[in-house]
Structure formats: C-alpha cells, structure tokens
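Have the viewer open and follow along.

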Amino acid sequence: MQTNSNTTEDIKQRVENLLGQMTLEEKVGQLNQLSGAEGHIPEHLRVAIQQGKAGSVINENHPETVNQLQHIAINESRLGIPLLIGRDVIHGFKTIFPIPLGQAASWSPEVVKKGAQIAATEAKVTGINWTFAPMIDISRDPRWGRIAESLGEDPYLCAELGKAMVSGFQGDNFSQPFAIAACAKHFCGYGAAESGRDYCTTNIPENELRNVYLEPFKAASEANVATIMTSFSDLDGIPASGNRWLLDEVLHQEWDFQGFVASDWESISQLTIHGLCEDSYACAETAFDAGVAMEMVSTTYRDHLAGIVANSKTHEDKLDDMVRRILTLKFRLGLFDSPPVEAHAYLEELPQAHLNTAKDAAIQSCVLLKNDNKTLPLCAEQTNTLTLIGPLADDGYEQLGTWIFDGEEKHSTTILQGIYSEFDGTVHYHRAMDTSRSHQINELENIKRDISQSDAVVLVLGEEAILSGEAHCRAELNLPGCQEELIKELVSCGKSLILVILAGRPLTLGSVIPDVDALLFCWHPGTMAGPAIADLLFGKANPSGKLPVSFPRKVGQIPIYYSQKTSGKPVTEDNFVHLDDIPVRAAQTSLGMAASHLDTHFTPQFPFGFGLSYSQFNYHSMSLSDSELNTGKTLEARVQIHNDSDVAGFEIVQLYIQDLFGSITRPPKELKGFQKVYFAAGESKTVSFVIHHEMLAFYGKDKIKRAEPGEFKVWIGADSTSGSGASFRLVS
C-alpha cells in the first residue's frame with residue numbers, strides 16, 4: 001500500500017498513474033453509485049465492486065459492513081480503488097441538531113459549522129465519508145416540505161451559512177480526522193417548485209436565477225465544496241440532470257468548479273419521465289454530455305456509457321475528466337491509505353460535549369415571536385404549579401424532525417423532561433391529543449381543572465416530523481388537527497397561555513396569535529430540545545433567534561418574501577382596501593384598483609429577520625461615513641444600539657441596501673451583512689458595517705455582474721422592516 005501524501009502534486013501524480021491503468025469499463029464503473037442494503041452485502045453488489053463497476057455505495061451505515069465493502073473494493077477488484085460511502089447526514093448523525101431551517105434562525109455560521117463538524121465526526125466512525133448536504137436551495141414557499149432542509153429565503157444568508165456547513169463537514173482541506181466530503185444541493189432552483197409541490201417544474205428567468213438562486217452555489221464552489229448534486233426538477237424546460245448550460249457552461253466553465261457533479265436519486269433515468277429522453281440510452285448520453293459525473297442508484301451509465309464513449313475521442317476525454325475528479329476526491333479523503341473503521345462507544349452513548357453543543361444550537365435557533373406583558377421568562381420563585389399540554393411535549397422522536405436516518409429517540413431529552421429538571425414545583429402534564437393531526441381532544445375537563453390551579457400554562461403544539469421533509473408538502477399551513485380548537489377551549493380558563501411550536505416550516509398562525517400571550521417558535525430542535533426550551537422558558541437563556549424566512553398570514557399570499565420587487569402600483573397603508581370594508585354594490589373603483597394587493601393585509605404575519613428578546617434593544621442615530629462611495633473604496637455605516645433592559649442578551653444586527661435605480665429592476669431591500677452582538681444589561685454599543693462596491697454588484701441585462709453608479713439607500717435594523725435609512729451615491 002502506498003504511503004499517504006495529500007499534497008496537490010502528489011495527488012495529481014497518483015491520480016494520473018491510476019487513470020492510465022484503467023480500462024474503459026473500470027472508468028465507467030467509477031461513475032456508478034449503487035445502493036447498499038444497510039447491514040449486509042447482496043451478491044449483485046459484491047460482484048459489481050469486484051468487477052470495478054462501482055465507485056460509490058449509498059446508504060450503508062454499519063461499520064462492519066462498510067469495512068467489508070472497502071475490503072472487497074481494495075483487495076478483490078483489479079485496481080483496488082476504495083469506495084465513496086454516501087449518506088444523508090443532514091442535521092446530525094446520532095446527535096441531532098435543529099433542522100437546517102432552525103439552524104438558519106440562529107444567523108450564526110459558528111452554530112452551523114459546529115453542528116456539521118459533530119455530524120461528520122459521528123458519521124465517519126461508521127465509515128461514511130460523503131454527505132449530501134448542505135441544501136442551499138433558496139426556499140420561498142413554506143408549503144414545500146423540503147423548506148425544513150433549507151437555509152431560508154435569502155441568498156446572502158444562505159450563502160454564508162452554506163459555506164459554514166461545508167467548512168464544518170470538510171474541515172481545512174480534509175486535513176482533520178473528522179472530515180467528510182460535502183455535497184451542495186440541489187443545483188439549481190429546486191426550491192422554486194411550482195405550488196410548493198416537491199419535484200415539480202421550476203420556471204426561473206436567467207436574471208432571477210443568477211441574482212438569487214445561483215448565488216449560494218457559487219459561494220459553495222468558491223469554498224471548495226467537494227461535490228454538487230443536481231435538482232430533481234426541470235429548469236425552464238430542461239431537467240437539471242440533463243442541463244448542459246447549467247452544469248457545463250455555468251458550473252464548470254464560468255465558475256471553474258473543481259469537484260464533481262452527482263445526480264439525485266435515479267434522476268438520470270427519470271429524464272424519460274420528464275419527456276426529455278425516449279429511452280435509457282438517451283438518458284445516459286444526455287446526462288453525460290451535460291456533465292453529471294456520478295449516477296445515483298439508476299444504471300443508465302452502467303448499461304450504456306461504455307458504448308457511448310467507445311467511438312468518440314471527445315467523450316473519452318470527458319470521461320477521463322470525470323474519473324479524475326472522483327479519484328482526486330478519494331485521494332484527498334485519504335481513502336487509499338485509511339485503516340478499517342472501528343465504531344466508537346458514543347454511537348450508543350453520546351458524548352456530553354456533543355449534547356452541550358446541540359443544546360446551544362437549539363437555544364440559538366428558537367425565535368420569540370410574541371411576548372405580551374413580559375409573560376416570559378417564567379419566574380421560578382413565583383411559579384409553584386405548571387400545566388404542560390400537547391402531543392409534542394413529551395415525544396423524543398417527533399422533536400428530531402425530518403431527515404434523521406440515524407438519530408434515535410432514546411438519546412432525546414423531551415420538553416417535559418427538561419422542565420422536570422429545571423422546575424422544582426408541581427407539573428401537570430396532559431398529551432391532550434393522540435398526535436398533532438388528531439381531531440379529538442382528550443381529557444379536556446381534567447386539563448381545565450389543572451389549569452385553574454396553575455400559575456403557568458405551556459402548550460407544545462405544531463407539526464409531527466412526518467409532515468415536513470421530502471415529498472411532504474402541505475396545501476394548508478395552519479396548525480393541523482384540532483390544535484386551534486384546543487387553544488380556543490383553553491382561552492376560556494382565563495390564564496395566560498404560552499405557546500411553544502415545533503414545526504418544520506412557517507405556519508399560518510393568525511387565528512391563534514390573539515389567544516396566546518407568548519409564542520416561542522422552536523422548529524424541530526433536535527436531541528436536546530427539552531433542556532434548551534426549559535432554559536428559555538425559565539430565563540436561564542435569552543432568545544436571540546431571528547426568522548430566516550417570512551411567515552405568511554394566509555396561504556394565498558405565497559410567495560411572500562422580504563425582497564419581493566415593487567410593482568408599478570405598490571400597495572401601502574394609504575391605498576390598502578380590505579374587501580370586508582367595501583359596501584355592497586360599491587363602485588368598481590372601490591376595490592382598490594390603485595394598488596397590487598390581495599384581500600388580506602399586504603404584509604407577512606412575521607417578516608424575515610424578525611425575532612424578539614427578553615432584552616429591549618433600541619436603535620439610534622444611524623449614519624454613513626460619507627455620502628459618496630468611489631469604486632474601489634469603502635464607506636462605513638454605523639448605528640448606536642442600547643439595551644434598555646436589565647437583561648443581557650445577543651442582538652442580530654442586520655444591514656440592508658437598496659439600489660434605487662438600475663438597468664434592470666432591483667429589489668426594495670437586500671440583506672448585505674449581519675452581526676450577532678452581545679450586550680450587557682443597560683449597555684450601549686456602536687455597531688458598524690463596511691460597504692464596498694462589490695456588495696452592490698448584480699447581473700444586468702448582459703449577464704455580467706457589476707455595480708452600477710447611482711443612488712443607494714441603507715438600513716441597519718432588527719429585521720427586514722425596521723431601521724432608519726441613509727443614502728449614498730456610488731460614483732465610478
């Protein structure tokens with residue numbers, strides 16, 4: 001066995017030496033990812049690996065079986081090329097962190113990076129060396145189930161957090177022992193699926209594609225993400241796995257992406273279902289020509305690619321390039337020199353350090369959306385009896401959320417358990433409903449009796465994990481089952497209600513918001529949900545999360561996002577007309593024809609970037625260091641922030657910029673920076689951002705990215721709707 005060497009030149013030489021020994025069939029073999037059987041090796045898989053017809057195996061997480069697979073590849077195939085072992089390690093492996101949308105609510109690259117590091121550490125000891133994350137699809141439709149797996153609606157926030165996740169998984173150039181390969185997905189536009197239906201078509205003009213949907217992927221490419229996965233959906237009529245413009249011209253030629261492209265599950269063979277290709281031969285030819293280097297599970301490459309390549313020097317060079325990229329990753333990961341894996345004991349008992357990090361991530365991910373009369377935090381000295389209600393309050397599985405193939409309920413600490421550990425008084429617990437979808441309230445009279453004797457009432461409601469995730473899309477976003485009825489029933493008890501929601505997406509909460517005094521939105525917080533939420537309820541921790549996606553008032557508003565462009569007839573409070581206020585047989589002009597709006601208020605229920613705190617942060621005296629910005633120079637935007645409370649806390653300070661007039665229409669605001677700043681009780685600080693002309697660049701009509709001279713407006717605020725503005729002019 002060769003001595004491990006990870007320098008670029010050494011790897012390049014080893015790759016070329018190996019490539020020169022490979023037959024056409026062995027090269028094609030490296031482009032095939034076959035499905036494992038999770039615990040044993042079927043004969044067809046064994047034979048394929050022995051014959052050099054597999055470059056990767058997906059969904060095998062048993063260390064002994066992985067060792068056997070690698071032994072077959074290294075010792076029983078002609079050239080001894082090890083396998084990439086792929087697995088969806090999305091928001092934790094055994095220690096489960098908040099769903100990615102929840103992690104995005106932390107607005108903390110460090111939270112995201114640490115979570116990915118721990119997930120990689122736990123996965124790698126089973127032999128997994130490749131994960132299919134981060135998902136950096138811009139997601140602006142909460143009906144879509146996979147919004148749970150996303151990092152939200154904004155390209156800048158998504159790019160920053162996506163880069164952090166790549167760094168967490170891969171380490172510094174794969175040099176850390178925990179490092180595994182990351183895969184940015186789904187390239188591109190998957191989150192814009194029509195009607196929020198998974199796998200559905202996407203129609204995105206190139207202007208929007210470049211300025212919004214491609215930006216996080218470009219950032220991931222520049223962060224040296226090892227692989228990129230194609231989208232299931234088509235993009236303006238060409239399915240992503242057969243889209244040569246997207247994969248070859250943009251990704252490889254424009255961006256000079258150094259990794260390789262993998263298909264999604266059977267997405268190459270599905271080109272026939274899309275109607276792009278008439279048979280599997282055409283599927284293989286189209287995807288190969290587009291630039292897909294690894295076929296996941298389906299076998300069009302395995303069946304046809306050798307014949308396609310055999311008679312074309314151009315195709316042979318293209319195949320060599322793909323194999324070269326795959327082998328390079330295998331050498332960079334050290335797979336040719338790695339000893340067999342040995343499963344660590346913490347696969348059964350999780351390290352406390354991992355649990356502590358997961359708890360901190362859960363705390364930072366929770367968003368306080370309402371807190372009338374300082375209902376929260378609860379004062380332990382004044383609270384002797386608490387009633388806890390809801391089907392999600394003591395369910396260690398549902399709190400984990402979607403995409404937790406390897407997470408286990410036995411590791412979870414539930415909210416009920418967390419409150420028991422934190423609270424010395426009496427706790428009355430009622431499940432109230434069998435599941436979050438149930439249409440029957442159980443023991444209602446007993447619940448009301450306990451509430452009458454309690455100092456605090458906490459409801460834990462929302463969605464079960466199965467209601468979000470891949471292929472789990474919803475036409476309605478209200479609380480499912482009879483949860484709204486339950487809240488209405490409990491209002492009559494006359495006690496303050498604290499609502500804690502666990503969910504995989506934004507929900508439409510307008511019908512229940514008036515009935516509750518405090519609302520803490522916790523997404524699906526993972527293994528340590530209980531201790532994290534208990535700390536927030538009792539004030540040991542201060543909420544700091546901010547929404548990474550807008551919450552609609554009603555489903556009919558979708559899509560609604562903060563950077564939605566202004567029409568020629570923008571709606572304002574002055575010209576907004578609610579249909580309920582229009583008299584019967586009113587004149588046609590009474591319908592508000594002067595503005596673009598629906599028969600509901602034009603604003604979201606909660607805007608992007610919104611989140612309350614137990615602290616009280618006030619922004620004052622925003623200013624700019626200059627009224628002009630010269631190309632190649634910078635200016636500084638500053639604001640004074642004061643914590644007008646006796647509670648220390650973190651504030652996520654957000655910078656937004658508007659290009660007032662451009663060669664193409666521009667959004668009314670775009671996030672361009674954020675900082676998470678700590679304030680002691682009563683403390684004031686000046687928070688500043690440096691603005692440079694590159695931050696103002698966008699893709700214009702000529703598809704070239706540049707900043708255009710002209711007027712710009714700047715806001716620094718607590719969310720996308722707040723903050724006083726200042727103006728400057730960019731001059732060339």
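## Strand 1 and its neighbours

Strand 1 (residues 32–35) runs parallel to strand 10 (residues 295–296), and two bridges join them. Strands here are DSSP runs of E with at least two residues, helices are runs of H or I with at least four residues, and both are numbered from the N terminus. Two strands are said to pair if DSSP finds at least two bridges between them. Look for Gln33: Met296 of strand 10 stands opposite.

Strand 1 also runs parallel to strand 2 (residues 56–58), this time with three bridges. There, Ser35 sits opposite Ile58.

## Ground rules

This is a predicted model, where local features need pLDDT of at least 70 and side-chain atom pairs count only at pLDDT 80 or more, while totals for chains, interfaces and linings use all residues. Residues are numbered from 1 along each chain as its sequence is written, and side-chain values use heavy atoms, with hydrogens and water left out.

Now jump to strand 6 (residues 227–230), which is covered on both faces. Thr227 and Met229 are buried on one side, Ile228 and Thr230 on the other. Buried means under 20% relative accessible area, exposed means over 50%, and partly exposed is in between (1.4 Å probe, protein chains only). As a reminder, in a regular strand the side chains alternate between the two faces of the sheet.

Strand 6 pairs with strand 5 in the parallel sense over three bridges, and Cys183 stands opposite Thr227. Strand 6 also pairs with strand 9 (residues 260–262), again parallel and over three bridges. In that pairing, Val261 is the bridge partner of Ile228.

Where does His186 sit? The answer is strand 5 (residues 183–187). His186 counts as buried because its relative accessibility is 0%. Its side chain makes a polar contact of 2.8 Å with that of Asp137. A polar contact is a pair of N or O atoms within 3.5 Å; within protein, one must be able to donate a hydrogen and the other to accept it, and residues adjacent in sequence count only if both atoms are side-chain atoms.

Leaving aside residues up to four places away in sequence, His186 touches Met135, Asp137, Arg146, Phe217, Met229, Thr230, Ser231 and Asp264. Contact here means heavy atoms within 4.5 Å.

## Salt bridges

How many salt bridges does the structure hold? There are 40, a salt bridge being a side-chain nitrogen of Lys or Arg within 4 Å of a carboxyl oxygen of Asp or Glu. One of them brings together the side chains of Glu149 and Lys185 (3.0 Å, N to O). Glu149 lies in the loop between strand 4 (130–131) and helix 7 (155–170) and Lys185 in strand 5, so the pair ties together parts that are 36 residues apart in sequence. Both Glu149 and Lys185 are buried. They also belong to a salt-bridge network with Asp88, Arg146 and Glu470.

Another salt bridge is formed by Asp289 and Arg244, with the closest N and O atoms 3.4 Å apart. Asp289 is partly exposed at 32% relative accessibility, and Arg244 is partly exposed at 36%.

## Cores and helix 8

The largest nonpolar core has 118 residues. Such a core is a set of buried Ala, Val, Leu, Ile, Met, Phe, Trp, Tyr and Cys residues joined through side-chain atoms within 4.5 Å. Those with the most contacts inside it include Ile49, Trp130, Phe169 and Leu305. A second, separate core of 43 residues includes Val367, Leu486, Phe521 and Phe610.

In helix 8 (residues 206–213), the buried residues are Leu209, Arg210, Asn211, Val212 and Tyr213. Among the elements that cover them are helix 7, helix 9 (215–222), strand 7 (234–235), helix 10 and strand 23 (698–699).

## Cysteines

A search of the whole structure finds zero disulfides, meaning pairs of cysteine sulfur atoms within 2.5 Å. For Cys283, the nearest cysteine sulfur is that of Cys277, 4.4 Å away. Cys283 is buried at 0% relative accessibility, whereas Cys379 is partly exposed at 28%.
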